[in-house]
Amino acid sequence: MKTVSIEVRPGEPREAAAIADVHRVSWLQAYAGIIPHRPLIQMVNRRDEIWWRKATRGPATLLVVDVAGTIAGYATLGLSRARALPQEGEIYEIYLRPEYQGIGLGRVLFGEAKSLLKSLGCKGLVVWCLEESEHACSFFQTAGGRDIAEGMEDFGDKYLKKVGFVWN
């Protein structure tokens, strides 16, 4: 029997290329057919290795899920950007490589991100996702999020509705 290590921890600058790759493959899989192709490719290309190296040193917290030495996913989190909501923390992003989805790693990463925000003194949590992203909406509903807010996101000449899920 072989034991595989799974660790959620802060991302490090030396892992920027691996995080950029997770971002690229997960975004292309998650948003193909939802976000128009050109804006999607531009958003993915903007988040290259250099961008992620800076992000590991930035004001937002970046967690990675490391499976036996492979960066399988990441989450970014910090203070809520939605000042109209009472929730003080926000998970800005949570993504896994497609081959690591559906085995519980998302729940583990989400739980660690949620716990970290609480330990930093944040009362409540908000997560935004595109309404058309049925997989994401289902994930956050299953995790106990309440759909209480909505907004619009501009992607070139297409506006998409986003949904805010909250936990108190």
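**Group meeting: a predicted single-chain model**

Leaving out neighbours up to four places away in sequence, glutamate 15 is in contact with Arg9, Pro10, Val64 and Ile71, where contact means heavy atoms within 4.5 Å. This is a predicted model, in which local features need pLDDT of at least 70 and side-chain atom pairs count only at pLDDT 80 or more, while totals for chains, interfaces and linings use all residues. Residues are numbered from 1 along each chain as its sequence is written, and side-chain values use heavy atoms, with hydrogens and water left out.

Let me stay with glutamate 15 for a moment. Glutamate 15 sits in the loop between strand S1 (6–10) and helix H1 (16–31). Why does glutamate 15 count as buried? The relative accessible area of glutamate 15 is 6%, and buried means under 20%, exposed over 50%, and partly exposed in between, with a 1.4 Å probe and protein chains only.

I turn now to the chain as a whole. The chain holds five helices and seven strands, and along the sequence their order is β-α-α-α-β-β-β-α-β-α-β-β. For 168 residues, a compact globule would have a radius of gyration near 15 Å, and the 16 Å of the chain agrees with that; the radius is taken over C-alpha atoms, and the globule rule is 2.2 Å times the number of residues to the power 0.38. Along the principal axes, the C-alpha atoms fill a box of roughly 45 × 40 × 30 Å. Of the 168 residues, 46% count as buried. Among contacts with a separation of 6 or more, 62% are between residues 24 or more positions apart.

A UniProt record, in an unreviewed entry, lists residues 6–166 for "domain: N-acetyltransferase"; such annotations may be inferred rather than shown by experiment. That span is 35% helix and 34% strand, and its end C-alpha atoms lie 27 Å apart.

Valine 65, in strand S2, is buried, with a relative accessible area of 0%. Beyond four places in sequence, valine 65 touches Ile6, Glu7, Val8, Thr70, Ile71, Ala72, Gly73, Leu96, Leu105 and Leu109. Valine 65 and tyrosine 95 are 30 residues apart in sequence, and their C-alpha atoms are 9.9 Å apart in space.

Leucine 160 belongs to strand S7 (residues 158–167) and is buried at 3% relative accessible area. Its contacts, leaving aside neighbours within four places in sequence, include Ile34, Ile35, Leu130 and Phe155. Leucine 160 and isoleucine 91 are 69 residues apart along the chain, with 20 Å between their C-alpha atoms.

Finally, two further loop residues. Is arginine 47 buried or exposed? Arginine 47 counts as buried, because its relative accessibility is 18%. Arginine 47 lies in the loop between helix H2 (37–46) and helix H3 (49–55) and, leaving aside residues up to four places away in sequence, touches Ala20, His23, Trp52, Tyr74 and Glu93.

Alanine 68, in the loop between strand S2 (61–67) and strand S3 (70–79), is exposed, with a relative accessible area of 51%. The phi angle of alanine 68 is near 50 degrees, a positive value in a residue other than glycine.

Note on methods
Helices (H or I, at least four residues) and strands (E, at least two) are DSSP runs, numbered from the N terminus.
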